[in-house]
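Q: Please take a close look at one part of this model and describe how its side chains are arranged.

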Amino acid sequence: MFSSHLLRFGAIFLLSGLVACNPFRKDNAVELDAASTTLNYQWNATLASPESLAGITQMNGYASMAPSRNGASTVVTVDLANASPGGLHPWAVRRGECGAPSSSEAFGTADAYAPLKVGSDGRSHASVSLPIRTPTNGQYFVVLHASDANARTVVACGNLSAPTR
């Protein structure tokens with residue numbers, strides 16, 4: 001009697017395994033939306049305060065740069081945390097790398113980047129749409145400045161990593 005129950009249990013277990021792992025199953029494991037133009041075209045950066053500001057401020061966050069849905073413009077998004085509540089920080093995407101001399105021109109126009117307004121929780125979010133195509137190569141970074149009056153002081157920066165294709 002014990003062996004017949006064990007045999008039934010084994011048969012049910014085996015049958016369940018075959019149904020779950022059916023090699024003839026036609027469902028796709030992953031479905032990708034081919035209409036998504038940002039798939040594998042998004043540049044990403046991790047924002048951090050420079051070491052020279054250690055003990056003064058330690059902002060952090062993320063930034064991305066990707067084509068718009070129609071591909072004709074570029075959308076840049078910034079999420080900042082651990083900033084001083086009430087702060088107002090000018091920012092932009094620029095060519096080059098954090099800490100290295102770069103061109104003074106923003107990627108797009110400088111007036112396209114409204115200053116980041118930090119909320120009472122020390123966080124800020126901004127998104128801008130630039131009327132130019134997303135680059136496919138080069139070096140770019142996101143830089144945040146202390147204020148309009150103190151634009152030489154960088155309070156956070158992040159190198160944008162090129163998308164992988």
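Q: Is Y113 buried or exposed, and what is its relative accessible area?

A: Y113 is buried, at a relative accessible area of 5%; buried means under 20% relative accessible area, exposed over 50%, and partly exposed in between, with a 1.4 Å probe and protein chains only. This is a predicted model, in which local features need pLDDT of at least 70 and side-chain atom pairs count only at pLDDT 80 or more, while totals for chains, interfaces and linings use all residues. Residues are numbered from 1 along each chain as its sequence is written, and side-chain values use heavy atoms, with hydrogens and water left out.

The whole structure holds three aromatic pairs (Phe, Tyr and Trp rings, the last by its six-membered ring, with centres within 6.5 Å; planes under 30 degrees apart are stacked, over 60 edge-to-face, the rest tilted). Y113 pairs edge-to-face with W91, at 4.9 Å centre to centre and 80 degrees between the planes. Because W91 lies in strand β5 and Y113 in the loop between β5 and β6, this pair ties together parts 22 residues apart in sequence. Strands (E, at least two residues) and helices (H or I, at least four) are DSSP runs numbered from the N terminus. W91 is buried as well, at 4% relative accessibility.

The rings of F107 and Y140 are also edge-to-face, because their centres are 5.4 Å apart and their planes stand at 70 degrees. F107 belongs to the loop between β5 and β6 and Y140 to strand β8 (residues 140–145), so the pair links parts 33 residues apart in sequence. F107 and Y140 are both buried, and together with W43 they make up one aromatic cluster.

W91 and Y113 return in the largest nonpolar core, which has 28 residues: they are among those that touch the most other members, along with M65, V93, V142, L144 and L160. Such a core is a set of buried Ala, Val, Leu, Ile, Met, Phe, Trp, Tyr and Cys residues joined through side-chain atoms within 4.5 Å. Two or more residues each come from β1 (43–48), β2 (60–67), β3 (74–81), β5, β7 (124–130), β8 and β9. Outside four places in sequence, L160 has contacts (heavy atoms within 4.5 Å) that include W43, M65, V93, Y140 and V142.

The loop between β5 and β6 also carries C98, which a disulfide (cysteine sulfur atoms within 2.5 Å) joins to C157 at 2.0 Å, S to S. C157 sits in strand β9 (residues 154–160), so this link ties together parts 59 residues apart in sequence. C98 is partly exposed at 26% relative accessibility, whereas C157 is buried at 11%.
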